[in-house]
Each structure stands twice: as C-alpha cells, then as structure tokens.
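Please examine the sequence and the model shown below. The paragraphs that follow lead through selected backbone features and then through a pocket.

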Amino acid sequence: MTDFAAIDFETANGERSSVCSVGVVVVRGGQVVDRIYHLIRPCPDYYSYWNTQVHGLTQTDTKEAPPFPTVWADIAPRIAGLPIVAHNSPFDESCLRAAFRIYGMDYPDDYEFHCTCRASRRVFGRTLPNHQLHTVAARCGYDLTHHHHALADAEACAWIARTIL
C-alpha cells in the first residue's frame with residue numbers, strides 16, 4: 001500500500017463520540033506528504049480520569065478547540081479517495097462514526113479502513129510478545145517516543161503500514 005491516510009483518535013471519556021484529538025498522516029507514493037493534528041472540543045464535553053491518564057489531555061486543553069465538524073471539514077478533502085489505516089481500526093472507525101452520528105453528519109460510503117494490528121498478527125504472529133502499537137512500531141523500526149499523542153500514533157501507524165501492508 002503506497003497511498004493512504006493513517007489516522008488516530010484520542011477520546012475524552014468512555015463515549016466514542018468524545019474525540020478530543022486527531023492525528024492524520026497522508027502517504028502518497030510511499031512518502032509522507034501531509035501531517036495533520038487537531039485538538040477537538042469533545043462531545044460529550046467531559047474528561048474521565050483514566051482517559052486523561054492515557055493521553056494527558058484535559059478540558060483546559062480543548063475548551064477553546066473547535067468541534068468535530070469544523071476539524072473534519074479541514075481533514076476530509078485532504079484524505080479524499082484514500083484508504084484509511086489505523087492500529088486497531090475498529091476503535092478509530094467507531095470513533096469516526098460516532099462523531100458523525102452525534103453531529104448529524106452523513107457518514108461517507110467510501111471510507112475504507114485497514115487495520116495494522118490485524119496485519120501485524122498475520123505477518124508477525126507469535127514472534128512478538130503482543131501487537132500493541134508501540135511493540136509493532138519498534139519491530140518495524142519506528143521509535144514511538146510520544147505514544148498516545150494522536151499525531152505520533154498516526155505516524156507510527158503510517159510507518160507500520162508502509163512496512164507490512
């Protein structure tokens with residue numbers, strides 16, 4: 001796969017619609033051509049302790065951030081026509097669908113998700129202790145220093161996708 005958009009969402013709480021940050025890395029011809037990062041005012045707009053412990057974001061970080069529809073208006077044209085890649089894609093796809101639903105937006109029929117976690121299980125099998133993003137990224141030669149920052153995770157996912165998809 002040489003043309004795709006790698007995506008990662010972080011959520012504020014247990015609701016999939018509560019996306020509070022997104023990272024996107026656009027790859028064309030096997031090369032990274034665009035990096036996108038946005039903070040998002042989540043819906044519902046509250047942070048659970050556990051989610052903040054994972055990614056470090058709080059309500060203070062996103063109180064002035066735009067809502068999802070504004071952010072997606074920037075992202076959508078930049079990824080148009082590209083397959084979307086995510087590590088544990090069912091999570092990221094469910095976040096995207098939930099955000100579209102909560103804002104009454106029509107979900108595009110042409111978003112095609114691919115999962116680097118599933119691909120890792122096929123390619124590496126039991127040679128890895130687990131198939132978590134940081135483990136697979138390291139196996140593919142990528143140093144994921146800022147794990148759970150949406151852009152860093154999207155960059156790691158893009159690296160993995162270029163390596164094994």
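In which loop does H148 lie? In this predicted model, H148 is found in the loop between α6 and α7 (150-164). Its backbone deserves attention: H148 has a positive phi of about 80°, although it is not a glycine. Most residues other than glycine have a negative phi, and most peptide bonds are trans.

N88 is not a glycine, yet its phi is positive, at about 70°. N88 belongs to the loop between β4 (84-86) and α4. With a relative accessible area of 39%, N88 is partly exposed.

The bond from C43 to P44 is cis, with omega near 5°. P44 is placed in the loop between β3 (31-39) and α1.

The discussion now turns to empty space. Rolling a probe the size of a water molecule over the atoms shows where such space is left. The largest pocket of the model has a volume of about 350 Å³. This pocket is lined by 18 residues, and the closest to its centre are D8, F91, H147, H148 and D153. Two or more lining residues come from each of the elements β1 (4-11), α1 (49-55), α4 (89-102) and α6 (133-139). Sorted by class, the lining comprises five nonpolar, nine polar and four charged residues.

Terms used. Residues are numbered from 1 along each chain as its sequence is written. This is a predicted model: local features need pLDDT of at least 70, side-chain atom pairs count only at pLDDT 80 or more; totals for chains, interfaces and linings use all residues. Side-chain values use heavy atoms; hydrogens and water are left out. On a 1 Å grid over the protein atoms alone, a cavity is a set of points where a 1.4 Å probe fits but cannot get out, and a pocket is an open set with protein on both sides within 12 Å along at least five of seven lines; lining residues have an atom within 4 Å of a point. Grid points are joined across faces, edges and corners, and a volume is the space filled by probe spheres set on the points. Helices (H or I, at least four residues) and strands (E, at least two) are DSSP runs, numbered from the N terminus. Ala, Val, Leu, Ile, Met, Phe, Trp, Tyr, Cys and Pro count as nonpolar, Asp, Glu, Lys and Arg as charged, and the others, Gly among them, as polar. Buried means under 20% relative accessible area, exposed over 50%, partly exposed in between (1.4 Å probe, protein chains only).
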